Amino acid sequence: MSETDRRGLLLVVNSLGVGGAEKQVVTLLNHLDTGRFRLHLAYIKRDERLLPQLDSSRLDEVLCCDVRSGIEREGVRRLRRLIRDRSIDAVVCTNMYSTLYGTLATFGLRPRPKLVAVLHTTTLSTYGEKIRLPLYRRIFRRCDLMIYVCSNQRDHWHKRDLTSRRDAVVHNGIDVQHFSQRPDTQRTLQIR
């Protein structure tokens, strides 16, 4: 497959702070087929605790948008420039905040890359998220695909009218190698 045949894939996360969704993105980028995809990562806020776990040699670009809070124009511009300059074919956003940035960055681009949202939550944890729910409804309707981590989560958001053009359920995987270490059979636990 030639360089031009590889699809440009950008994954966007809120930050690289320790969390399940962020860890999943790092693991995914470390294992996707670089023969088929040109891989890129953007994170909105500068929290880089998971950065050492990322094999950045596999990626064409890693971008921090350096956003402090809310919606910052310069953060949207940085993301949009990466999408345009790197000919990104699909933008995969993790959770609501990064989907907001992905939507703003792709707005009006021709051709517009596919926009995918992956939700890992069923909660709106801050007051700001709760009051932005009507905005998020409009944003998610612009997504080409919304991925949920389980059917119950999809049902939860559908009841709240948070839907997209298409949706799918992709269950969270388990890194079996992490749990493959056998316990030391020489040691025994004494219970009193």
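The model is predicted: local features need pLDDT of at least 70 and side-chain atom pairs count only at pLDDT 80 or more, while totals for chains, interfaces and linings use all residues. Residues are numbered from 1 along each chain as its sequence is written, and side-chain values use heavy atoms, with hydrogens and water left out.

**Stop 1: helix 2 and helix 3**

Select residues 73-85 (helix 2) and 95-106 (helix 3). Helices here are DSSP runs of H or I with at least four residues, strands are runs of E with at least two, and both are numbered from the N terminus. The two helices pack at about 65 degrees, with axes 8 Å apart; axes are lines fitted to C-alpha atoms over the stretch in contact, and angles run from 0 to 180 degrees between N-to-C directions. Their crossing is right-handed, meaning that the near helix is turned clockwise from the far one by less than a right angle, with anticlockwise giving left-handed.

Now show the side chains in contact (heavy atoms within 4.5 Å). Helix 2 contributes G75, V76, L79, R80 and I83, and helix 3 contributes Y101, G102, L104, A105 and T106. By class, this contact has six nonpolar, three polar and one charged residues. Ala, Val, Leu, Ile, Met, Phe, Trp, Tyr, Cys and Pro count as nonpolar, Asp, Glu, Lys and Arg as charged, and the others, Gly among them, as polar.

**Stop 2: Y97 and Y101**

Stay on helix 3 and select Y97 and Y101, which are four residues apart and so separated by about one helical turn. Their ring centres lie 5.4 Å apart with planes at 70 degrees, so the pair is edge-to-face. Rings of Phe, Tyr and Trp (its six-membered ring) pair with centres within 6.5 Å; planes under 30 degrees apart are stacked, over 60 edge-to-face, and the rest tilted. Y97 is buried at 14% relative accessibility, and Y101 is buried at 0%. Buried means under 20% relative accessible area, exposed over 50%, and partly exposed in between (1.4 Å probe, protein chains only).

**Stop 3: helix 5**

M96, Y97, T99, L100 and T103 of helix 3 meet L135, Y136, I139 and F140 of helix 5. Seven of these residues are nonpolar, two polar and none charged.

**Stop 4: S69**

Finish at S69, in the loop between strand 3 (59-64) and helix 2. S69 is partly exposed, at 47%. Beyond its neighbours within four places in sequence, S69 is in contact with K45 and Y97.
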